[in-house]
Amino acid sequence: MKKRIILVAVLAIIALGLVITILSKNAGSKTISGAGATFPQPFYNAAFITYGHLAHVKVTYGGIGSGGGIRSLKDKVVDFGASDAFLSDKEMNEMPAPVVHIPTCCGAVVIAFNLPGIKQIKLTPDVLAAIFSGKIKNWNSTELKKINSGIHFPNKAIVVIHRSDGSGTTNMFTDYLSKVDAAWRAKIGSGKTVNWPVGIGAKGNPGVAGAIHQTVGSIGYVGSEYTFAQHQPSALVQNKSGNFIEASVASVSAAAQCAIPADTRVMLNNSSAKDAYPIAGFTWLLLYKNQAYNNRSFAQAQATLKLVDWMLDHDAQKIASKVNYAPLAPNVAAKAKAILRTITYNGKRVLK
């Protein structure tokens, strides 16, 4: 009995020691939270896990759409928001305090479809706009056959799949359609949400990709990584130079070879570069320029900015290319790092 009591006491001491060790390790740990775009989520998931191991920081990210990310930042319930649509001047003025945009990579909006036996089709801007506006209703249409000689389309109704949530992917796609089609610009326009004339809504890029995969005869727009991951057939889209281009890291990088404004708020759609995929753009992390809000500590602000700064480094950008996003050009990464260093905490610069 006495030995048993001694053994229990020893085990209790060991257990207490383990608890104290765990608590002491966790005492200095930090959690960084963000929410927003599903478009770059595969890149963010991989990068945040890697950074967590490197810096011993837990990063949580909710892919709730760009609109949700902006709302979460506006409500000050996250350390950063994420969006594929930059804030307009009006939206910037509606935020509680000044916000900065930090681009993290470039991506493409791919036109995916589900037609058994057909792996690739060509689409011109006018035909693409006509499909999503409901003017072209059948796959066996004259317009589609004219630009896809040799492809035998089925006599089947086209089922359009679009986003049901506020989405930077939608903004990128509708911005492109507004640039290339006057009727679309006049009647539907661009934005994170629009009044779709036809189609079925699905939430997030995963939702749209899944709906296309499950629906024969469907077509929809989705972040390129989701089509690559599911091996979904996608369209070659005719660019401004008249070339039919496949979405790839190289063709998206070509679209980013343009003048970038100081605040990085620019759309890359409809590039004049001959090898550029025409529906492409940056995705951004959004942060308050003054990090002293909601009782945030300087340490929390510094941890957040160190994460974002690392996202712009070569190692993180290599992760982007591995999951089929175009890494930032060195001049864009340098511009983003400079913006990051304008962020302060009650007047004190957070990063040197």
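This report describes the fold, cores, helices, salt bridges and backbone exceptions of a predicted model.

## Basis of the description

The model is predicted: local features need pLDDT of at least 70 and side-chain atom pairs count only at pLDDT 80 or more, whereas totals for chains, interfaces and linings use all residues. Residues are numbered from 1 along each chain as its sequence is written, and side-chain values use heavy atoms, with hydrogens and water left out.

## Overall architecture

The chain comprises 14 helices and 13 strands; these elements are DSSP runs numbered from the N terminus, helices being H or I of at least four residues and strands E of at least two. Along the principal axes, the C-alpha atoms fill a box of roughly 90 × 55 × 35 Å. Of the 352 residues, 53% count as buried. Here buried means under 20% relative accessible area, exposed means over 50%, and partly exposed lies in between, with a 1.4 Å probe and protein chains only.

Among contacts with a separation of 6 or more, 75% come from residues 24 or more positions apart, a contact being heavy atoms within 4.5 Å. The accessible surface of the chain is about 15900 Å², and carbon and sulfur atoms account for 56% of that surface; the areas come from the Shrake-Rupley method with a 1.4 Å probe, and for residues only the protein chains shown count as cover. There are 37 positive and 18 negative side chains, and the centres of the two sets lie 8 Å apart. Lys and Arg count as positive and Asp and Glu as negative, without His and the chain ends, and each charge is placed at NZ of Lys, CZ of Arg, CG of Asp or CD of Glu.

## Nonpolar cores

A nonpolar core is a set of buried Ala, Val, Leu, Ile, Met, Phe, Trp, Tyr and Cys residues joined through side-chain atoms within 4.5 Å. The largest such core has 101 residues, and those with the most contacts inside it are Phe-43, Ile-111, Leu-123, Ile-131 and Phe-173. Strand β4 gives the most to this core, with ten residues.

Apart from its neighbours within four places in sequence, Phe-173 touches Val-109, Ile-111, Leu-128, Phe-132, Trp-196, Tyr-221 and Ile-279. A second, separate core has nine residues, including Ala-112, Ala-202, Ala-209 and Ala-211.

Helix α3 (residues 66-74) is mostly covered, with seven of its nine residues buried. These are Ser-66, Gly-67, Gly-68, Gly-69, Ile-70, Ser-72 and Leu-73. The cover over the buried residues of α3 includes β1 (30-36), β3 (80-83), β4 (99-113), α7 (168-180) and β11.

In helix α9 (residues 204-214), the buried residues include Gly-204, Asn-205, Val-208 and Ala-209, together with Gly-210, Ala-211 and Ile-212. The buried residues of α9 pack against β4, β6 (159-163), α7, β7 (200-202), β8 (218-223) and α10 (224-230).

## Salt bridges

The whole structure contains ten salt bridges, each defined by a side-chain nitrogen of Lys or Arg within 4 Å of a carboxyl oxygen of Asp or Glu. One of them joins Arg-265 and Asp-89, at 2.8 Å from N to O. Arg-265 lies in the loop between α11 (249-255) and β11 (280-288) and Asp-89 in helix α4 (residues 89-94), so this pair ties together parts that are 176 residues apart in sequence. Arg-265 is buried at 18% relative accessibility, whereas Asp-89 is exposed at 53%.

Arg-163 and Asp-165 form another salt bridge, at 2.8 Å from N to O; Arg-163 is buried at 5%, and Asp-165 is buried at 11%. Arg-341 and Asp-309 also pair, at 2.9 Å from N to O. Because Arg-341 lies in the loop between α14 (330-340) and β12 (344-345) and Asp-309 in helix α12 (residues 298-311), the pair ties together parts that are 32 residues apart in sequence. Arg-341 is partly exposed at 22%, while Asp-309 is buried at 12%. Through shared partners, salt bridges join Asp-309, Asp-313, Lys-337 and Arg-341 into one network.

## Positive phi angles

Most residues other than glycine have a negative phi. His-56, not a glycine, has a positive phi of about 55°; His-56 is in the loop between α2 (41-55) and β2 (57-63) and is exposed, with a relative accessible area of 65%.

Asn-295 likewise has a positive phi, near 60°. Asn-295 is in the loop between β11 and α12 and is exposed at 82%. Lys-76, which follows α3, has a positive phi near 60°.
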